[in-house]
Amino acid sequence: MKFPHAGLAVVAGVMIAALPAQAASWQIVGGTYSKVSGVLHETFDDVSVDPKEALDLAWTWSGRRPPSFFTETNLDLNCRKANTIGHYMCITGSKQNSSTTIFDLSATPADYYGFRWNSIDGIFDNSVSLYSGSELILTATGKQVKNANDGKPGGYFQAFADAGKPITRIELFSAGKSFESDNHGLRLVPAAAPVSAMAAQVPEPSTYALLLAGLGTVVAVAARRRRA
């Protein structure tokens, strides 16, 4: 029996298999801060304003403009959750000139990243991308997140990196609608031993030579004593 669509099925299967697998997973939950154990927060405020402030994330940017930090509560636009405190971050790009804010975690890699995603826009204009070294391990768009959030305008986005693929770079992207976020959370992974420290634990060849020479001397002395 011939299957006229078998070739198409094979091609589709090859195309699916060729899609890059993401080395991280994400979910959208309720709340303003992360509830995951061991997470530290960047709230864009002093600890006197927000007691949960524990990080000082440095950021860079590219594109249209750097991020802005606001304290106003515009509940009509759902730019922040009601009754929250302090500043939130706003990234605004355009179709002609997008904006990207970048957090470099190469010195402090993390296996978890989360943030309060306010006013989630159900389009592809906003997205979050995570990298492990030069490898893209996750991308989530506002449309995907809003669909997963049952259309609700806000929630706490959180991503979990696979073992061996720590997050070393975060990119928040806007190409039109403003991307509002707050209370970014990281769970840092234990720092690996510096290369210099590991190298110090391996003897140099000259050290081996000295050890062998010393052993030879001990053997020779012992032999002379036996002959005496």
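Predicted model: local features only at pLDDT ≥ 70, side-chain atom pairs only at ≥ 80, totals over all residues.
Start with the rings. The structure holds 11 aromatic pairs. One of them joins Tyr113 and Phe115.

Now take Trp117 and Phe179. These two rings are stacked, with 4.7 Å from centre to centre and 20 degrees between the planes. The pair ties together distant parts of the chain. Trp117 belongs to strand S7, while Phe179 belongs to strand S12, which covers residues 179-188. The two residues are 62 residues apart. Trp117 is buried, because its relative accessibility is 1%, under the 20% limit. Phe179, at 0%, is buried too.

Lys52 lies over the face of Tyr33, 5.2 Å from the ring centre.

Turn next to the backbone. Most residues other than glycine have a negative phi. Phe44 is not a glycine, yet its phi is positive, at about 65 degrees. Phe44 sits in the loop between strand S2 (40-42) and strand S3 (59-63). With 15% relative accessibility, Phe44 counts as buried.

Ser119 also has a positive phi, near 50 degrees. Its place is the loop that runs between strand S7 (110-118) and strand S8 (126-132). Is Ser119 buried or exposed? Its relative accessible area is 13%, so Ser119 is buried.

Notes: Residues numbered from 1 in each chain as written. Heavy atoms only, no water. Helix = DSSP H or I, 4+ residues; strand = E, 2+ residues; numbered from the N terminus. Buried < 20%, exposed > 50% of the residue type's maximum accessible area, 1.4 Å probe, protein only. Phe/Tyr/Trp six-rings, centres within 6.5 Å; stacked < 30°, edge-to-face > 60°. Lys NZ or Arg CZ within 6 Å of the ring centre and 35° of its normal.
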